[in-house]
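Please load the model in your viewer and keep the selection tool at hand.

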Amino acid sequence: MKFSHRIAIAGGVGFILVIYLVLVYFNAMPDIFSSHQEKLRNFIAQNPLTFHLTGGRPVNGQCSSEFNIPRGVVSTQDLAERTNYKSSGGDYILPHPSIEQAAYSSDLEPLTVLIVPHSHVDPGWVETVDEYYTRKVRAILDGMVRKLHLYPDLTFIWAEIVYFSRWWEAQTHLVQLQVKDLIKQGRLEMVLSGWVMPDEASTSYSSVIDQLTEGHQWLYSNLGIRPTTSWSVDPFGHSGTMAYLWKQAGMENMVIGRIHQATKGQMIREQSLEFYWRQFWESSDDRDIFCHVMPYMIYSLHRTCGPDQYICAQFDFKQRPGDPMNVFVKPIGAGNIKEKAKLLYEQYRLKGSLFKHNTIMVPLGDDFRFDMLEEWDQQYENYKQLMDYMNAKPEWKIKVKFGTLSEFFKQIKKSESSNRLSFPTIAGDFFPYSDHDSSYWTGYFTTRPFDKRFCREVESKLRAAEILHSLAISYSKKWETKYVAMDKLAVLLIKARRYLGLFLHHDAITGTGKAYVVEDYENKLFSSFQKTGIVLNSAMQYLLTQGKLTSEPSIFEQELTRVDGKQSSLHGKITVSKIGTRVAMLNPTGHFRSEFVEFIVDSVDLEIKDAKRKSLPFQINPVYTSATEIDRTLFEVVFLSEIPAFGIETYIFQKTTKTPKSFWSSIKIHNSDEFIVAPELKFEYDRPRRHGNVYEPIFLENEQIGAEFKSFNGLLTKLVEKYNNKTKETQVLLDFKQYQSRGSGAYIFFPSGPASDIVQPVPIIRVVEGPFYSEVQVVFYCMYHRARLYNHPGLQGRNLLIQNTLNMFALNMRDKEPIMRISTDLLNERGTFFTDQNGFQFIQRKRHPTDVNYQNIERNYYPMTTMAFLQDSMTRVTLHSGQSLGVASLEKGWLEVMLDRQLLYDDGRGLGEGISDNKLTITKFILQIEQSETVLREETFSYPSINSIVTNEFLNQPLQRMFSLVNSDIISLNFLPMLSSLPCDISLVSLKTLFNGDHSYNETGVVLHRRGFRCGFRDDGAMCSEKDVNLVGLFPTVKDNYVKETSLVHTLKKESRISLKQLSVSPMEIKSIVVQIPP
């Protein structure tokens, strides 16, 4: 070859090389030179996954398409539309007749007044639960026993078992007998009697059932009684779900207090302060519960005798040395009894005018009252004189005495039957609550979201521990091997239940306690988190070794861990060794779970094997040490896991030199000049883009759905559904904004105006793509936002997983309340959307009647426990939530959720401080879009789709993951108790061991709920072809004569005959049974 030819060839090669380098530098390589897509296709072709997605069509009649409330039932939504919200100086004035008409007319009816002494004892608020008990509660209960025996006509009611049980266990046998005698006489009444008086906005119905069961079980075991009346007077708004639960637990009557004062005014006009509370879907009155609304602001005796609080305050006879009120309140004597009795009589008559019957209940108490022995005497002796005086006035036609709630409701029912009274029937709830026209208690729906998320994690973990522990007891009889750890674990479970139950208190999960009290709650939640982990580990060891391995502590460890109560949970590192690390996962639901799972490992030179010891393909993703640097020692691996109902599957992570089943994901990074990747890492990545093309969106997709994101900020703009060879685009713009506080506090949300942009630097955007999931990761200055799309043909692949990690201290966010807003092109009525009530049912929300132009944003916020959705005539967009938060829809197509709140000032509701103890907080969501085959027209309530019900379980009932460094043949490959799944509209609310007083096994309680679901949406892949429920697999040695249907809390056994093989549960019904496992 001539020299000139060589020069030409060399020049040509050099030119091609220069062009290649230029293309690489400007990130403009055509696909023909790109290896990632080709590698991805080859990997999927060489490692095909088998997805076991089977199911049937729902049984006719199980789903609902009509949502009309029964004739004659009043919805609280309609009640709100009729309400007069006018105020005087900010206060709502309740309508009353004149004193002359109410107290001195010629046709006076006899009036019975029952004075009901009580003490409202918060289990933590401005002091911790332990401080309150030591300083006040113990003295209240000691004094109660002494003074009720001293005064034979004095009465008292008590609600919170968290305190009563602690006091009871410290008493002598004689005192305990005295208490039982007082109950037998009807002078001490136990009311509500959950572990606490729970919040009704942020709590899930399953957790409320658990704490109610804990209280009622304790009460029945120790005192042999079942409460018949609920007393829930301090939660800040009231949910219709609680009315259903209280009725199912055996209570016939209930008292509530904090509903919007203007609503009370309208109820007075309509004579509906007392009503039968019904659920929207109920056509009969079988499960109605009678409800009494206390008409005045609060349960304090300063507000309960009648409409004039200044007059009522004169009848608080507590005299504490140095108290300035001593000047204004004088003991009753001969010189003032005539005047004082007349004032009090008039207030009683005014209060009596609000009701249809002739008996009124006047609570006598307040927060932590009767903590001094002297107060018992002061209140009793003064009221006794007033009673005797008023009762001796025949022209007044009044009878005043001490009484209880049971006596009060007995009198009402007597009047109802003898006088043929009729009370209205109401369905719905009472949110939002307001005690002043500019004060809406909608901030606490979100306050301290770190703890709301913490609570949800503990709740799901405790539920799983209860299931696994109960299964271990059940299978110990089948295998005839001793469950050695059973007694020790019983103590841990009881503690965990009670600490979680404590956190449901209406000043705990609400975030409305002082900062140091909140820290005490967090420590107790952390203790519950740790204890449930020990139970899970031990029960897992027993079930996977059939009791052959009895070592303590268990060889299993928790994969999800916490350092303390102030930091979020972390996924632990799985150490990969030649021997192999055994990973075990529990499916805590009654439905087959097929999903991709992620683990953090310390090596990518590994093989992952399933229970059949088949090698599994897996995706390798980066773990970051900073926004732009990949860790060289830790990796995330993703693989497919399929676990039957209540089953356990094990996997082996084993060191190997060959990893043909692994796929390194590709990474793109935007808005950065640097991207640090160690040379030994095999991730495919492009050169970092400092300035991306703003017109070139980021797009993630699988075979079912696509998601489009802005390239300059990484936020979602569009969802594309793919079904039956068709596509449907829906605009879904996701953004983060913030409200500026004008007077917000722990309870109150009071913004200065519309939400504004959160001003922060341009974020770094990372796009990770692989065969099993792809994700857009956005690193803002104050937030880490992730949107993930799984490449799964089932339900996991139809939705977008969203996770936000918010740092309120990264920017100046003082007095700010940040939100995540989703703006869609749905054509719903402005301000109309649906939220769940405690995860149990779904109610429509509308623009607040007073806020035509949306100038009072706080009035339009509502609690969201597990999900909320928007819909127009054909499309529904659902936001599933992994924690309770406040949510609103302020414009057509909008849905916004508040993420956190940092507030400098107190809102004047007793806490005495703002909220400034914010923590790095993770919030999790699933965004789902569905098309309906029929027109969506519901106006009052609705149901989720069947797919939505199951999707929500992915978020709120996650797989429980454990691992063991011991890889031995003594560990079974799996544990599969169920031959088939439960119908997917059936939720196992709880499967728990009921203990005797000495913590020994008594029986096993089961609570089932058949969820209502809406017709018209896709239901493929949902196991709903079976109508009846088969639980034989959970109790393999139990015959039907050991099974009884019970009340919700298992204290009352029913006579009905039932079979574990064929349990019938109607739509929306909650059914409870107990199973006695024979010795």
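Select glutamine 654 together with lysine 578: in this predicted model, the backbone oxygen of lysine 578 lies 2.8 Å from a polar atom of the glutamine 654 side chain, and the backbone oxygen of isoleucine 579 lies 3.4 Å from a polar atom of that side chain. Such a polar contact is a pair of N or O atoms within 3.5 Å; within protein, one must be able to donate a hydrogen and the other to accept it, and residues adjacent in sequence count only if both atoms are side-chain atoms. Residues are numbered from 1 along each chain as its sequence is written, and side-chain values use heavy atoms, with hydrogens and water left out. Because the model is predicted, local features need pLDDT of at least 70 and side-chain atom pairs count only at pLDDT 80 or more, while totals for chains, interfaces and linings use all residues.

Glutamine 654 lies in strand E25 (residues 648-655), where helices (H or I, at least four residues) and strands (E, at least two) are DSSP runs numbered from the N terminus. Leaving aside residues up to four places away in sequence, glutamine 654 touches (heavy atoms within 4.5 Å) several others, among them Val576, Gly580, Asp605 and Lys609.

Next, select helix H17, residues 515-545. At 1.5 Å times one less than its number of residues, this helix of 31 residues should span 45 Å, and its end C-alpha atoms are 45 Å apart, which agrees. Of these 31 residues, 25 are buried, meaning under 20% relative accessible area with a 1.4 Å probe and protein chains only (exposed is over 50%, partly exposed in between). Just after H17, glutamine 546 takes a positive phi of about 55°.

Now move to strand E51 (residues 1001-1010), where nine of 10 residues are buried. Which strand do nine bridges join to E51? It is E50 (residues 986-995), running antiparallel to E51; two strands count as paired if DSSP finds at least two bridges between them. Threonine 993 stands opposite threonine 1004 in E51, and in the five-residue turn of the E50-E51 hairpin, histidine 999 has a positive phi of about 75°. Six bridges also join E51 to strand E54 (residues 1070-1075), again antiparallel, with glycine 1005 opposite valine 1074 in E54.
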